[in-house]
Amino acid sequence: MKKHNFYAGPSILSEYTIKNTAAAVENFAGMGLSLLEISHRSKEFVAVNDEARALIKELLDVPAGYEVVFLGGGASMQFCMVPYNLLNKKASYLDTGTWSSKAIKEAKLFGEVEVVASSKDKNYTYIPKDYTIADDADYFHITTNNTIYGTETRKDPDVKQRLVADMSSDIFSRPIDVSKYDIIYAGAQKNLAPAGVTLAIVRVDALGHVERPIPTMLNYKTHVDKDSMFNTPPVLPIYAALQTLKWYKEQGGVAAMEKKDMENAAILYDEIDRNKLFRGTVAAEDRSIMNVCFVMNDEYKELEDEFSKFAAAAGMVGIKGHRSVGGFRASLYNAMPKSSVEALVACMKDFEKQH
């Protein structure tokens, strides 16, 4: 039976990425050695690292004055690395879910944190719209997509403060005006590569303005100056990332990904809105096209476990909602084929007919 992978992360990767990476694990770049055992200083891997960073700049139209770096520690490490490098006295944060809350907690270790708005009052089912950012904030931090709750901001804010964004789960799903941001960071395990590497796009002139000493490995400048090769980088995830980036370019780039993602999300949301058994959990205008969250309608709550088993038997993998929310979540990242979304919709229709 074909499996349809809706895991929220680590998550689906393109067949192109998986096949090419698997081949390199056996024989990398014709060296007669595995990708897993070659030196990161070899000319063959240095070329991979350089090409991957260059392709990110190309696909996202990164302007001059920015550098792309590969880091460790996931987005969670960025929660402290951002304030370590940017926070002098005060930072402003928008609280839209679990990951922004964790980022806020870390930032408080470095200075005053102003939460300009929060959607916690309604269990993070919407994105706050009306808020004021302090003029003297060192930076303003947003989380563009909230994997647990299924909300997403799909436009670049216009703010006069430095802007930082956690784009872990929706990077490469839409064109971005990078010039509006000072730091964009993203764990790779949603739309880029296997877990183990983190992407950061850094405005170079935003660095070097804090008074505190910064540990070497937590200083963005360390990694910018050494082209992400200060220490041994995660070789396999970076190679896999390069394959994904090549696949994106072949598919028509980020704009083509956005078109496909919007179509996939519309197919599933239309069924959720039509099907009497289910309902969406977030404000319609803030629905994520990456993580579609839904639950059973109240009168059918007792069918939740039955539907989970029914969907699993039909090959649907990873649709259980996060433990803090419950219900269901179908993650539709860039590598998700339309056929899998249609299979989930067919499954929902079949279950409706039975009840």
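Predicted model: local features only at pLDDT ≥ 70, side-chain atom pairs only at ≥ 80, totals over all residues.

Biologist: How is the chain divided into domains?

Modeller: An automatic or database assignment sets the bounds. Domain 1 comprises residues 2-10 and 251-351, and domain 2 comprises residues 14-249. Their C-alpha centres lie 26 Å apart.

Biologist: How many residues of domain 1 are in contact with domain 2?

Modeller: Contact requires heavy atoms within 4.5 Å. By that criterion, 31 residues of domain 1 are in contact with 29 residues of domain 2.

Biologist: How do you know that the span of helix α7 agrees with its number of residues?

Modeller: The expected span is 1.5 Å times one less than the number of residues. For the 21 residues of α7, numbered 254-274, this gives 30 Å, and the end C-alpha atoms are 30 Å apart, so the two values agree.

Biologist: Which residues of α7 are buried?

Modeller: Buried means under 20% relative accessible area. The buried residues of α7 are Val254, Met257, Asp261, Asn264, Ala265, Leu268, Tyr269, Glu271 and Ile272. They cover an arc of only 155° around the axis, and therefore they lie on the same side of α7. The face turned away from that buried side carries the exposed residues Lys259 and Asp270.

Biologist: What do the buried residues of α7 pack against?

Modeller: Their partners include the helices α2 (43-59), α6 (235-251) and α9 (338-354). The strands β11 (278-280), β12 (291-296) and β14 (328-331) are also among them.

Biologist: What makes the buried residues of α2 belong to the same side of that helix?

Modeller: The buried residues in question are Phe45, Val48, Asn49, Ala52, Arg53, Leu55, Ile56 and Leu59. Because they cover an arc of only 160° around the axis, they are placed on the same side of α2. These residues pack against β2 (66-71), β10 (198-203), α6 and α7. Helix α2 itself has 17 residues and reaches 24 Å from its first C-alpha to its last, close to the 24 Å expected. Aspartate 61, which follows α2, has a positive phi, near 55°.

Biologist: Which residues does the UniProt annotation "binding site" cover?

Modeller: The unreviewed entry lists Ala75, Ser76, Trp99, Thr147, Asp166, Gln189, Asn231 and Thr232. They are spread over 158 residues of sequence and also in space, up to 30.5 Å between C-alpha atoms.

Biologist: Why does threonine 147 count as buried?

Modeller: Its relative accessibility is 5%, and the limit for buried is under 20%, so threonine 147 is buried. Threonine 147 lies in the loop between β6 (145-146) and β7 (151-152). Among the residues that threonine 147 touches are Ser169, Lys190 and Tyr333.

Biologist: What joins the side chains of threonine 147 and tryptophan 99?

Modeller: A polar contact of 3.2 Å joins them. The limit for such a pair of N or O atoms is within 3.5 Å.

Biologist: Is serine 169 buried or exposed?

Modeller: Serine 169 has 4% relative accessibility and therefore counts as buried. Serine 169 is located in the loop between β8 (163-166) and β9 (183-187). A polar contact of 2.8 Å joins its side chain to that of asparagine 145.

Definitions and conventions
Residues numbered from 1 in each chain as written. Heavy atoms only, no water. Helix = DSSP H or I, 4+ residues; strand = E, 2+ residues; numbered from the N terminus. Buried < 20%, exposed > 50% of the residue type's maximum accessible area, 1.4 Å probe, protein only. Arc of directions from axis to C-beta. UniProt positions renumbered as here; feature names shortened; annotations may be inferred. Polar contact = N/O pair within 3.5 Å; in protein donor to acceptor, adjacent residues only side chain to side chain. Lists of a residue's contacts leave out its neighbours within four places in sequence.
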